[in-house]
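Look at the structure below and keep it in view while reading.

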Amino acid sequence: HRLDKPTSGLLLVAKTKPAMVDLTRQFAERRVKKTYTAILNGVPNEPAETSISVEDAIALGVDVGSSSVDGDGNGEALKWQLIDHTLDEKSAVTVWRPVKYVKSLKARDGILTLVDMKPKTGRYHQLRRHMSWVRECPIVGDNAYDGGGDAISLRGRGLFLCSNKVNLDHPHYNTEVGRKEWDALPNDEKWANGTLCLSEDGSMVEVHASIDLPPKFQSFLANEEQRQQKFEGGVDDIDTETTNDEIISPPPSQM
């Protein structure tokens with residue numbers, strides 16, 4: 001699991017040669033399910049013709065969870081967006097959806113968008129190029145694809161792209177010997193503090209690794225929103241302490 005130099009997040013490292021061989025096979029067969037979170041400059045379009053359901057996304061082989069209802073409590077069906085756009089003459093597929101909209105004085109159209117992205121393929125700079133070229137909303141801090149101009153004012157804190165979740169089959173515990181070892185483990189060790197679990201049919205031991213977003217994501221969104229509020233006369237001072245719950249609040253009513 002390679003990351004571009006400016007991308008933060010999870011790295012996958014094989015500790016043994018057999019593990020390396022197995023993981024290489026899983027990547028080649030596109031069985032590894034990856035999740036990235038990014039902040040986009042602007043509001044990406046969500047065309048009806050590229051909207052897909054949770055069931056459609058699962059059929060593509062990406063990890064979108066099992067819930068088909070939007071988590072904001074309105075009972076609406078959860079929808080994802082599909083980008084199927086060739087890169088370097090090779091198929092490139094990304095599934096994504098917006099998570100939060102934040103007002104910003106510096107952003108395109110005055111809005112930053114927090115998005116979850118699930119790449120089915122792993123082309124060079126796929127997520128960065130798909131969001132910039134197809135959805136015309138580059139990732140904040142992307143010097144290569146943000147187009148320059150006003151976007152330069154959003155540079156300076158690095159690329160706001162993080163690999164924050166990876167799901168894969170355990171490279172050892174799914175071998176004949178390894179599965180016997182895993183079955184014999186006491187329960188307080190078997191699940192590795194929630195990192196290991198069984199597949200739905202119980203046939204495979206899976207690794208579900210995830211991390212929190214880097215603190216700069218929260219602080220950047222909070223500061224941009226508070227600057228906008230100060231400009232509009234909503235607050236007198238900027239308070240940089242913002243809870244995670246505030247960061248995933250509903251989009252502005254103006255949207």
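Begin at alanine 38. Leaving aside its neighbours within four places in sequence, alanine 38 is in contact with Thr113, Leu114, Val115, Met117, Ile139, Phe160, Leu161 and Phe217; contact means heavy atoms within 4.5 Å. This is a predicted model, in which local features need pLDDT of at least 70 and side-chain atom pairs count only at pLDDT 80 or more, while totals for chains, interfaces and linings use all residues. Residues are numbered from 1 along each chain as its sequence is written, and side-chain values use heavy atoms, with hydrogens and water left out.

Where does alanine 38 belong? Ala38 is one of the 13 residues in the largest nonpolar core, and together with Leu40, Met117, Ile139 and Leu161 it touches the most other members. A nonpolar core is a set of buried Ala, Val, Leu, Ile, Met, Phe, Trp, Tyr and Cys residues joined through side-chain atoms within 4.5 Å. Buried means under 20% relative accessible area, exposed over 50%, and partly exposed in between, with a 1.4 Å probe and protein chains only. At least two residues of this core come from each of β2 (33–41), β6 (111–119) and α3 (126–134). The largest share, three residues, is supplied by β2. Another core, of twelve residues, lies apart from it and includes Ile39, Leu114, Leu154 and Cys162. In soluble globular proteins, nonpolar side chains tend to be buried together.

Cysteine 162 counts as buried because its relative accessibility is 0%. Cysteine 137 is also buried, since its relative accessible area is 3%. How many disulfides are there? The count comes to zero, a disulfide being a pair of cysteine sulfur atoms within 2.5 Å.

Aspartate 63 lies in the loop between α2 (54–60) and β4 (79–84). Is aspartate 63 buried or exposed? Aspartate 63 counts as buried because its relative accessibility is 12%. Neighbours within four places in sequence aside, aspartate 63 is in contact with Lys33, Thr35, Lys118, Lys165 and Asn167. Its side chain also reaches the backbone nitrogen of glycine 65 at 3.5 Å.

Last comes the chain as a whole. The protein chain has seven helices and nine strands; helices (H or I, at least four residues) and strands (E, at least two) are DSSP runs, numbered from the N terminus. Of its 255 residues, 42% count as buried. Among contacts between residues at least 6 apart in sequence, 64% join residues at least 24 apart.

Notes. A polar contact is a pair of N or O atoms within 3.5 Å; within protein, one must be able to donate a hydrogen and the other to accept it, and residues adjacent in sequence count only if both atoms are side-chain atoms.
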